Amino acid sequence: MNRDAVMISTFVPAFLASIGLDFGRLVSLARATVTKDAEGRSWVSTRDYFALWDAASGLGLPPDFGLRLGSMQRIEGHYDVASIAALHSETFRDAINALARYKQMVCPGRWVLDVENGVASLEFKWLLAGDHLAPDFLTDGGFAYVAELYRRGTGRALKLRRIELTRRPNREDLLSDAFECAIRFNAPRDVMVFDAASLEDPFLTHNQELVRLMIPGLEAAFGRFRAGGSTVTDVQLAIHGQLKGARPSVERVASAMGIGPRTLQRRLEEAGTTYQEQLDKVRHVMARQMLEQTDLEQGEIAFYLGFEESNSFARAFRAWQGMSPTQWRQAVRSGPPSRAVTEGLLSSEGVA
């Protein structure tokens, strides 16, 4: 199976039918290509997956669709083995680690957990989306899914500090009621934030024998999956995770990947690229996404992307895009992007 492939769970068509939408019609409207594997499972590319949901939005999805989709998912009987392994893990941390490791096999994305000063931030990153933005309700659904996983595992609600969203303010009351926490818009990335202590909460659904039986098969499948992986994609993801107001060094990124800096540079050289080229690509994509999705000022974006000053960011962006950040933002918000706006999109090995 192509790595740029999202598995369509049998739950999805059934859920759409429950609100009066036919999955086959959405496939036609989105002009999506659906392929079947030997086991009869349906797969689409990342871009077609987004297009399916954009088509559904055009037919009038309810505002809470994403939240309902995430919280109503029946993990057992409908969902993949990664989710089942997560539900039967020993702790919430183990559950997140299971999702982060094995979910990649059915969706080109990764759950990324960051813990600092007693605070945990959890983010889902689409690895092969390029400049294509995930519909907002997919983000809402992903967070609702994690909250539901915690509730099923522990028997109580996950206490969140806040939800940070890159989108502009919209339906704050709906989101704050659903997650029972503050909602911060115009954020650099989409994350759910909670006390790190929650990671050690035990799961009442823990089944050591089931997990023990599942792991060998999962690891074998994951090994085959990783064998066809991309060093460039892994490096871009690591860079993305290290961009927090400072330019990430080769040493920091290599450490995040669990390898040495020389090994990292050698692998990139073998892939025909350099660390600086990949850093520029990640910054470029993130800059465009923040300029399009948020109302963050140019200086705020520059700081987040690790530029020493706003002017340095402006010069870099003009070299990438052929226009200033302000001009590009105005262009994409005033109508269909011009060729100058859309030139230089990343290949299918880009980052979300």
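The structure holds two cavities of 30 Å³ or more. A cavity, on a 1 Å grid over the protein atoms alone, is a set of points where a 1.4 Å probe fits but cannot get out. Grid points are joined across faces, edges and corners, and a volume is the space filled by probe spheres set on the points.

Before I continue, a word on the basis of these values. This is a predicted model, in which local features need pLDDT of at least 70 and side-chain atom pairs count only at pLDDT 80 or more, while totals for chains, interfaces and linings use all residues. Residues are numbered from 1 along each chain as its sequence is written, and side-chain values use heavy atoms, with hydrogens and water left out.

The largest cavity has a volume of about 870 Å³. Of the 42 residues that line the largest cavity (lining residues have an atom within 4 Å of a point), those closest to its centre are Phe 124, Trp 126, Ala 134, Leu 138 and Thr 139. Two or more lining residues come from each of strand 1 (6-8), helix 3, helix 4 (65-71), strand 5, helix 8 and helix 14 (275-293). Helices (H or I, at least four residues) and strands (E, at least two) are DSSP runs, numbered from the N terminus. Which helix gives the most to this lining? Helix 8 does, with seven residues.

I turn now to the aromatic residues. The structure holds 18 aromatic pairs. Rings of Phe, Tyr and Trp (its six-membered ring) pair if their centres lie within 6.5 Å; planes under 30 degrees apart count as stacked, over 60 as edge-to-face and the rest as tilted. One of the pairs is formed by Trp 53 and Phe 137, which is edge-to-face, at 5.6 Å centre to centre and with 85 degrees between the planes. This pair links distant parts of the chain, for Trp 53 is in helix 3 (residues 46-58) and Phe 137 in helix 8 (residues 136-154), 84 residues apart. Both Trp 53 and Phe 137 are buried. Buried means under 20% relative accessible area, exposed over 50%, and partly exposed in between (1.4 Å probe, protein chains only).

Why is the pair of Phe 124 and Trp 126 edge-to-face? The reason is that the ring centres are 5.1 Å apart and the planes stand at 80 degrees. Phe 124 counts as partly exposed because its relative accessibility is 22%, whereas Trp 126, at 12%, counts as buried.

Next, the largest pocket, which has a volume of about 1,100 Å³. A pocket is an open set of points with protein on both sides within 12 Å along at least five of seven lines. Among the 36 residues that line the largest pocket, Val 112, Leu 113, Asp 114, Lys 125 and Gly 241 are the closest to its centre. The elements that give two or more residues to this lining include strand 4, strand 5 (119-126) and helix 11 (231-242).

Strand 4 (residues 109-116) also holds Arg 110. Is Arg 110 buried or exposed? With a relative accessibility of 16%, Arg 110 counts as buried. Its side chain forms a polar contact of 3.0 Å with that of Gln 104 and another, of 3.3 Å, with that of Asp 234. A polar contact is a pair of N or O atoms within 3.5 Å; within protein, one must be able to donate a hydrogen and the other to accept it, and residues adjacent in sequence count only if both atoms are side-chain atoms. Beyond its neighbours within four places in sequence, Arg 110 is in contact (heavy atoms within 4.5 Å) with residues including Phe 124, Lys 125 and Leu 237.

Finally, I come to the backbone. Most residues other than glycine have a negative phi. Arg 171, not a glycine, has a positive phi of about 50 degrees, and is found in the loop between strand 6 and helix 9 (172-179). Arg 171 counts as partly exposed because its relative accessibility is 46%. Glu 180 likewise has a positive phi, near 55 degrees, and lies in the loop between helix 9 and strand 7 (182-184). With a relative accessible area of 67%, Glu 180 is exposed.
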